[in-house]
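Dear colleague,

Please find below the sequence and structure that I am handing over to you. My notes on what was found follow directly after.

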Amino acid sequence: MASPALDHIEAGPHGHHYTTTGLDSRKIAIWAFIGSECMLFASLISTYLIYKGRSVVGPFPHEACNPPACATALKPILNIPVTSASTFVLLMSSLAMVLALAAVENRNLPKHTTGDRILGSSKLWLWATCILGATFLAFQAYEFTSFVHEGLTIRTNLFGSSFFTLTGFHGAHVTAGVIWLGTLLAIDYKRGLQPSDAINVDIAALYWHFVDVVWIAIFTLVYLIQ
Amino acid sequence: MAHKDQAPHGGHGTPTHEAGHAPGHDAHAHPTWKQYKWVALILTAITVVEVWIYYIPSFVASKLFVPSLLIMSAVKFAIVVMYYMHLKYDARLFRALFTGPLIIAVVTIISLLFLFGHIAVRMGS
């Protein structure tokens, strides 16, 4: 049984645990995890770049493919307008996420106007982030389906293998993020997210923004650079 | 809106616990709602420029195309990390935990591209 003195040492005057760094261990853990994820995505991106332009058969990302190289004439397969829209959706989801975190942190502040109530609604911004994340996934599902219909699968050529692996891993991360946000929403509906829960929302937000910055790199390196 | 110009993460640079912050949340003065709005606008504008130059054949054919895309992408990356992930305002250890592996990751990508002959340094004339 811990004594009151030991409770004070373990919990600290503000209720959080002391660490040798003076920082919250959970936040150190998420940053270390994000650092390791940087290297995972670097390996996937470098694999894509190494194999870029080395596919023997089409479809190709930016170039048309005509007989005899391809059985039938194929257009460049990447759909830049659709991907630009999905990129915009993911960027806006990051804005919604920071507003969700701000709403949780400022829950106890008085809300005098409609604008205050909108900005201070964690449910609204968490829903917005979830919906925008799900919209991004819907764009990706549409893209993958149209690619398969146009003859590009993970087994077709080097481009298909590296492209589906890279964007598939990213999509899996977005899916995990949407599920994570869903659990936060469930907690918010059950008992309301309080300022003391802000660290949990902050950790989820860091993961979500990381998924966004990875897409920023993928959009440029895979879709725009020819 | 009464608090739209306040820092959503704790007011005008006030210590976090003074503005209803969760204890143990290692945050300092975070961007304001206005700053978040401007960050979103800047990110959107850069994305629009990126896509716009993609559709200019003469620019795509020029030597400036790839460097300009890489620079714009790096700027967007840095803005999200600094303002949305609050790395600009957070503890140095978090910066080290992120930038260390990021540098290793970027060096790995560049090294592999050299190794597999995608980029090369031309010596002499």
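**Contact between the chains**

In this predicted model, chain B contributes 52 residues to the contact and chain A contributes 57 residues. On the side of chain B that touches chain A, the elements giving two or more residues are helix 1 (33-54), helix 3 (65-84) and helix 4 (92-115) of chain B. Among these, helix 4 of chain B gives the most, with 13 residues. Sorted by class, that side of chain B comprises 34 nonpolar, 14 polar and four charged residues.

One helix pair across the two chains may be described in more detail. Helix 3 (residues 80-105) of chain A and helix 1 of chain B cross at roughly 170°, and their axes come within 10 Å. The two helices are therefore roughly antiparallel to each other, since an angle over 145 degrees counts as such. From helix 3 of chain A, the residues in this contact are Ile80(A), Ser84(A), Thr87(A), Phe88(A), Leu91(A), Met92(A), Leu95(A), Val98(A) and Leu99(A). They meet Tyr36(B), Ala40(B), Leu43(B), Thr44(B), Thr47(B), Val51(B) and Tyr54(B) of helix 1 of chain B. By class, the residues of this contact are 12 nonpolar, four polar and no charged.

**Within chain A**

Helix 2 (residues 25-51) and helix 7 (residues 198-224) of chain A also pack together, at an angle of about 15° and with their axes 11 Å apart. These helices are therefore roughly parallel to each other, as the angle falls under 35 degrees. The crossing of helix 2 of chain A past helix 7 of chain A is right-handed. Residues that make the contact include Ile30(A), Ile34(A), Phe41(A) and Ile45(A) of helix 2 of chain A, and Ile203(A), Leu206(A), Phe210(A) and Val214(A) of helix 7 of chain A. The contact of these two helices has 15 nonpolar, no polar and three charged residues.

Is Ala186(A) buried or exposed? Ala186(A) has 11 C-beta neighbours inside 10 Å and therefore counts as exposed, the limit being 12 or fewer. The C-alpha atom of Ala186(A) is separated by 9.5 Å from that of Lys123(A), and the two residues are 63 residues apart along the chain.

**Domains of chain B**

The domain assignment divides chain B into domain 1 (28-90) and domain 2 (91-125). The C-alpha centres of these two domains of chain B lie 20 Å apart.

With kind regards

Technical notes
Residues are numbered from 1 along each chain as its sequence is written. Chains are lettered from A and ligands numbered from 1 in the order in which they are written. This is a predicted model: local features need pLDDT of at least 70, side-chain atom pairs count only at pLDDT 80 or more; totals for chains, interfaces and linings use all residues. Domain bounds come from an automatic or database domain assignment. Two residues are in contact if their C-beta atoms, placed from the backbone, lie within 7 Å. Helices (H or I, at least four residues) and strands (E, at least two) are DSSP runs, numbered from the N terminus. Ala, Val, Leu, Ile, Met, Phe, Trp, Tyr, Cys and Pro count as nonpolar, Asp, Glu, Lys and Arg as charged, and the others, Gly among them, as polar. Axes are lines fitted to C-alpha atoms, for helices over the stretch in contact, and angles run from 0 to 180 degrees between N-to-C directions. Angles under 35 degrees count as roughly parallel, over 145 as roughly antiparallel, 65 to 115 as roughly perpendicular and the rest as oblique. A crossing is left-handed if the near helix is turned anticlockwise from the far one by less than a right angle, and right-handed if clockwise. A residue is buried if 20 or more other C-beta atoms lie within 10 Å of its own, exposed if 12 or fewer, and partly exposed in between; C-beta atoms are placed from the backbone.
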